[in-house]
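Student: Please take a close look at the aromatic pairs in this structure. Which rings meet, and where do they sit?

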Amino acid sequence: MAMPVTSAARLCHLAGRTVTSLTARHRRGVSLPARRCYISSTMGNNLQFKLDERTAHSSLDLFKKDTGVIYRMLGLDPSHVQDNPERFRDWAVVFGNEKISSGRHYWEVTVKKSQEFRVGVAEALMSREDCVGTNSSSWVFGYAQRKWFAMTSNKMVPVTLVGKPERVGILVDYEAGLLGLVDIKKPRIIHTIRVQFKTPICPAFGLWDGEMLTHSGMEEPEGLKQ
């Protein structure tokens with residue numbers, strides 16, 4: 001039985017401060033230079049990506065050859081990071097540097113010392129004025145207040161029977177319109193978000209404490225086909 005959808009009138013973090021979630025309203029997407037549009041040529045399910053520093057909020061510090069990200073409470077002075085239209089200025093968000101426009105792909109994320117984070121995908125041209133999960137251009141699984149949830153368009157659905165594993169998998173099937181949260185120990189899909197992808201998407205991450213390490217270029221575990 002489907003779980004009821006609840007309003008995401010929860011607390012989000014804006015530039016290191018705590019504020020209520022943005023109200024839903026139309027926002028323009030980001031206009032990116034054509035030379036910076038990387039469409040993944042990877043076939044099958046072994047997409048390989050790094051985190052894109054050009055998109056990273058000033059509170060996020062990339063490490064391990066741009067495959068990991070750590071949250072710094074003070075962060076950098078925004079004036080000390082390169083000003084470009086891809087960067088999130090208000091939200092502690094970073095995107096992967098590869099775009100997905102077809103195929104079935106799988107990656108994993110290790111989370112350490114974090115009590116609030118989001119992992120999923122977003123349209124590459126999503127407005128940088130929004131946080132991932134608060135609009136119809138992003139789809140994420142989040143963890144906050146010791147509970148998991150699926151989130152899009154500023155609406156949350158509780159995800160149960162997850163606990164707080166240190167490492168989870170993310171499965172995306174572009175043509176099937178599927179985003180799945182994967183228990184890597186079983187392995188099994190814990191929860192799915194169904195969506196009709198219409199434009200290129202990319203891996204998306206939000207982090208408000210602790211650190212994340214991404215693991216891409218992986219084969220999809222057996223038994224996840226739906």
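Tutor: Start with burial: buried means under 20% relative accessible area, exposed means over 50%, and partly exposed lies in between, using a 1.4 Å probe and protein chains only. F49 is buried, with a relative accessible area of 4%. W107 is buried too, at 0%.

This is a predicted model: local features need pLDDT of at least 70, side-chain atom pairs count only at pLDDT 80 or more, and totals for chains, interfaces and linings use all residues. Residues are numbered from 1 along each chain as its sequence is written, and side-chain values use heavy atoms, leaving out hydrogens and water.

Now the rings. The structure holds 8 aromatic pairs. Rings of Phe, Tyr and Trp (its six-membered ring) pair if their centres lie within 6.5 Å; planes under 30 degrees apart count as stacked, over 60 as edge-to-face and the rest as tilted. The ring centres of F49 and W107 are 5.5 Å apart and the planes meet at 85°, so this pair is edge-to-face. The partners are 58 residues apart: F49 is in the loop between β3 (17-20) and β4 (60-63), W107 in strand β7 (residues 104-112). Strands are DSSP runs of E, at least two residues, numbered from the N terminus.

W139 lies in strand β9 (residues 138-144) and F197 in the loop between β14 (188-194) and β15 (201-207), so the pair ties together parts 58 residues apart in sequence. Both W139 and F197 are buried.

How values were computed
Helix = DSSP H or I, 4+ residues; strand = E, 2+ residues; numbered from the N terminus.
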